[in-house]
Amino acid sequence: MGFLDRFFKEPSWGVHPDDHKRPAADAPLRILPTPERVYMPLSQHVGGAARPIVVVGQKVLKGQLLADAQGNISAPIHAPVSGTVFSIGEVTAPHASGLPFRAITIESDGQDRWIDTELVADPFALAPEDIARKAAAAGVVGLGGATFPSAVKFALGKRLKVETLIVNGGECEPYLSSDDRIMRDFADQVVDGVRLVMHAIGAKEALVGIEDNKPEAIAAMRKAAASFSEVKICPVPTRYPMGSDKQLIQTLTGKEVPSNARAAEVGVLVHNVSTCAAVHKAVRLGQPLVERIVTLNGGAIATPGNIYAPLGTLVTDLLAFVGLKGEPARLILGGPMMGTPLAHDRIPLVKGASGILAFNAAEAATPEAGPCIRCGTCADACPMGLLPMEMAAHIRVEDFEGAEGYALGDCISCGCCAYVCPSHIPLVQYFSYAKGELMAAERVKLRTDATKRLAEARSARIEREKQEKAEAAARRKAEKDAAAAAKAAAAKAPAKDSGQAQGETV
Amino acid sequence: MNENLGSPVAAPYTTTSNNPGRIMATVMVALAPSTLYGFWLYGWPSIYLWLITIASAMLGEAFFLRAMDRQASKALTDGSAILTGWLLAVSLPPWAPWWIGAFGGLFGIVLGKHVFGGLGQNLFNPAMVARVALLISFPVQMTSWVGAAPLFAEGSPGPLDGLVILFKGIPAAFDAMTSATTLGFSKTEMSRGVDLLQSAAHAPALSMIGERAGSMGETAAWLIIAGGLMLIIKRVISWHIPVAMLVGVALPAAALNAYDPAHFLDAQTHLMSGGVMLGAFFIATDYVTSPNSPVGRLVFGFGCGLLTYVIRTWAGYPEGVAFAVMLMNALTPIIDSHFRPRIYGRNRKGLPLQVAD
């Protein structure tokens, strides 16, 4: 790569971290032996938690519905192994807080017997709504990490008449290669899934964006898509965060998603390659989403690579399978740029988990933060065109509205700014903190507004009642006076005319 | 297993190997060739002055950090005080007395940087604060230039003579060395009523190589440009400020020279003399005191160039880079708030883009 390329061919945003993808990406896919127990959380997606429909002690088959979707945005959960429901209790969530959340524990019978699945010979004969329904019933959610229920997105795409489906094979996070692996090993499934999603949303073309550091995946996908002219494989420059939908849309179509709009409103919809493969399985094979490829990588792992594992498998079991060279200094769910730190390894594999990283001490070392030297590197790297150092300067003095003035809400938390910062200032931490504070302030505001509205309504009501009482009293008095006057008038009717009497009463 | 695996900090969990120390070191490497040329051209006194200036800047930094109960060793090794001292030294007359460097280094660090709150907080470029303070307080010493007196050349001061010059002033033996700069000469001549066309014949020669009278490290334009290009390629600085500043000087110079060559120096002379090159690549590009959006940098750079030209042409001083940079430093917060980069999905005014149907 010449230096001219650096100036003209690459996008002006983003960073280029050392990708650490190989040798893990090149190691053949391994299948995890069925673990003894799996812990299937009820919230593995954006939206309402699933509602359990099994009872403790019940025998379940692999793929059997464990918990049903609840609400408009939700997804069901299925048994990843065959066996017995052991308990419905709490496990530690894969979240920085380390707080518990509800999960169904299944003790495996070691047989891995599937439910009877319904094979569909020609899914393209189905109505688009049926594709969405099958994907929803199979619990398919965005597997790139967003875990948004896919069927909801299909419906949105269909309603807004999306023309172009963008398939995200960017996988720009360092260390991760699960999407790479699915494209290399299951390209046909991915391409079939892409075509099913196109059918579901009525798109005319699909652009599969794959970073050019994955030549094997590009070749495999090109071969699989050779006979489908509507599916175009598009290599994109290797640049973090290429796998962020806004940046991928811009790179592939030149379109920009307005800051207050959704991608579908500019005629595109983004789905991840692994999600497409899951749609293929859900629609064509009738198999719910119960397994996934997960990358096990990092300096503390003896044999890094990709593992095909049932959901709900504990990280402990995954680490035991790949072996540890030593005590990991840091465990991360997802990639090093946007992943979630894990407090310990007794945490289940969830639908959105593309990787588990076990860093050794050298990888986990974080340099001490220094003062901002206003070098502007963060602003140059920001893929959204924001000014991280200005936002951080406002947040440092708790001026969250000031940070909002620099469009803090548009920040996608990609971590480019914090990555390039020579002073190692944890900028994303600042922004997450400020976003949380702003959200809390918004909630407080809503509450005080509601209280204020109620209080105002109350005083208005009291005022109204008082007025009504006064009016009623006045009316009564007037009636009484009128009656008295009438009486008086009747008494001396011949003497005075009625006009005068009326004038007195008004 | 270790129970403190993931302290609850936000991602990312990987970071660049870059750090402020490395950035400062890169700038020093880029600055070294022109400085070494200055050492060679002006000999021992300039080397001593350089050392004294840097030492006093570091002393000021250490003293202030200690006074604020901060660890001095860490801040000293990041190189920012050395760089401030260095930039000040190369903008000084090469044979200036020792106390110019000593006072300047202290002044720049203390009043230019620490009273604002230290690294990253200062409004003005510390080296320029010091230079302007020195120029106003000690105009004679700050405008006494010498011609070329290359190291080891016959008639040049040796190591001991250098010390004498530094501590006791320029002895009579080396008096012949003193010389005027092109800008100073033409300004003086103009004030005597001799126009540029007449005075040009006697004017001190300008040289692309850098063999002329001037500040310690500002004469070798080609070495400064080479260092500046290295910084741009290494992405330590962006091209915007240097290019805009050079254009800001060259454009009005070329226009007015075409209009009246008898009263306005040509663009090449303006670019090649004084501190324009050094200012464009090394001084105006100081991170802390320059804007951080590309458009803002262009405005800032052009302003530096234009003000330099205006001061040189119409003001009392023959050279105006330091004043121009400081004036634009003062405008940096305003430029920053006016010229923000366009945000993805928003227009230049910051409003969301319209969805085209």
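I take helices (H or I, at least four residues) and strands (E, at least two) as DSSP runs, numbered from the N terminus.

I note that this is a predicted model, in which local features need pLDDT of at least 70, side-chain atom pairs count only at pLDDT 80 or more, and totals for chains, interfaces and linings use all residues. Residues are numbered from 1 along each chain as its sequence is written, while chains are lettered from A and ligands numbered from 1 in the order in which they are written.

I looked up A:Glu398, placed in the loop between α12 (388-396) and α13 (400-404) of chain A. Its phi is near 65 degrees, a positive value in a residue other than glycine. I counted a residue as buried with 20 or more other C-beta atoms within 10 Å of its own, exposed with 12 or fewer, and partly exposed in between, C-beta atoms being placed from the backbone. A:Glu398 is exposed, because 11 other C-beta atoms lie within 10 Å.

I then turned to A:His20, in the loop between α1 and β1 of chain A. Its phi is near 50 degrees, also positive. A:His20 is buried, because 22 other C-beta atoms lie within 10 Å.

**Cis peptide bonds.** The loop between α1 (3-8) and β1 (30-31) also holds A:Pro23, and I found the bond from A:Arg22 to A:Pro23 to be cis, with omega near 10 degrees. The bond from A:Tyr240 to A:Pro241 is cis as well, with omega near 0 degrees. I located A:Pro241 in the loop between β11 and α7 of chain A.

**Helix α7.** Among the buried residues of α7 (residues 245-253) of chain A I list A:Leu248, A:Ile249 and A:Leu252. Just after α7(A), A:Gly254 takes a positive phi of about 80 degrees.
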